Amino acid sequence: MEQKRFAIIGFPLKHSFSPFIHNRAFHDLKLNARYEKIEITPQNFEKDILSLKKSSLAGFNVTIPFKEKILPFVDSLSAEAQKIGAVNTIKAVEGRWHGFNTDWLGFLKPIEQEAEHIKSCLLLGAGGAARGVLFALLQFPAIQTILIANRTKQRANDLKKSFGFNRSTQISTISLKELEALAKPFDLIVNTTSVGMTDHQADPLINPEHFAHSNTIVYDLIYNPLKTILLQQAEVLGLKTINGLPMLIFQAEEAFKIWTGLSYPPQTIQFLLDELPRKIS
Ligand code: ATR
């Protein structure tokens, strides 16, 4: 049988771990498939996407900066992707593209056990990643208050507005500047901004000490470095921390399930959890 082709599209893709992750799963499950990088420059996006539509790809992931730009090119959208307003996974069936978002599920997985106790969250950032996180937070059974803190307050307001107020969760917004004057404990603190990445050795946006109680969980979506300064500070305070690595693996697994109907074998997940940190550090 012909080998099935999968890919990731984005720009830049030099540091993407997605081929490593998916190809490992194809290998472990003995599937005749391969996953490659297709780098598309923002200038050529439309032209390249139209030619991709005629290609033999069975599915692909979409990453920065195209998760929203891809929307007009899909033929159907899952309810979640529609609500989040971003697509990171496409399944191609007879030339038609079905769009999904698995980022929010990847975010949820490593915090699933604790989610039922989380009543309050400080969400740092209001960009694309924050949209998926907010969608996931609103599924937490006990969530009552979410404070979105962003450098540009208007963007936080826009994010809040697009999720409406149809439920028992109170969403508020604040600028980072205003946040400096606040000291209030939250059950969960999530950083969705790029502040803290390898090339951003800047101080974290907040001092976790001002926003934590003894059981606060600090979750940073960044996985490179594995431990941002925010997570280091949280550890010093004795708080539970989660980095972006499990999210990276589990959003990939959810995409894989959409394409193949199969989960990653447990040994594949263990291999990735052991091996990816070595590739990063
Ligand atoms: P992503 O899809 O990764 O979320 P994005 O949509 O560009 O990327 O959003 C980036 C987020 O990081 C935004 O919340 C951004 O704040 P602004 O909306 O004010 O731009 C935040 N961000 C990036 N660099 C930042 C910095 N140096 N200080 C504070 N916030 C920053």
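1. The ligand's shell splits by class into 6 nonpolar, 7 polar and 2 charged residues. Here Asp, Glu, Lys and Arg count as charged, Ala, Val, Leu, Ile, Met, Phe, Trp, Tyr, Cys and Pro as nonpolar, and the others, Gly among them, as polar. The shell holds 15 residues, the closest being Ala 129, Asn 150, Arg 151, Thr 152 and Arg 155; a residue is in if one of its heavy atoms lies within 4 Å.

2. Keep in mind that this is a predicted model: local features need pLDDT of at least 70, side-chain atom pairs 80 or more, while totals for chains, interfaces and linings use all residues. Numbering runs from 1 along each chain as its sequence is written, and side-chain values use heavy atoms, with hydrogens and water left out.

3. Now strand β7, residues 120-124 (a DSSP E run of at least two residues). 5 of its 5 residues are buried, so β7 is largely enclosed by the rest of the structure; buried means under 20% relative accessible area, with a 1.4 Å probe and protein chains only. Ser 120, Leu 122 and Leu 124 cover one side, Cys 121 and Leu 123 the other.

4. What does β7 pair with? β8, in the parallel sense over 5 bridges, and β10, also parallel, over 4 bridges (pairing takes at least two DSSP bridges). Leu 122 stands opposite Leu 147 in β8, and Leu 124 opposite Asn 191 in β10.

Technical notes:
Buried < 20%, exposed > 50% of the residue type's maximum accessible area, 1.4 Å probe, protein only.
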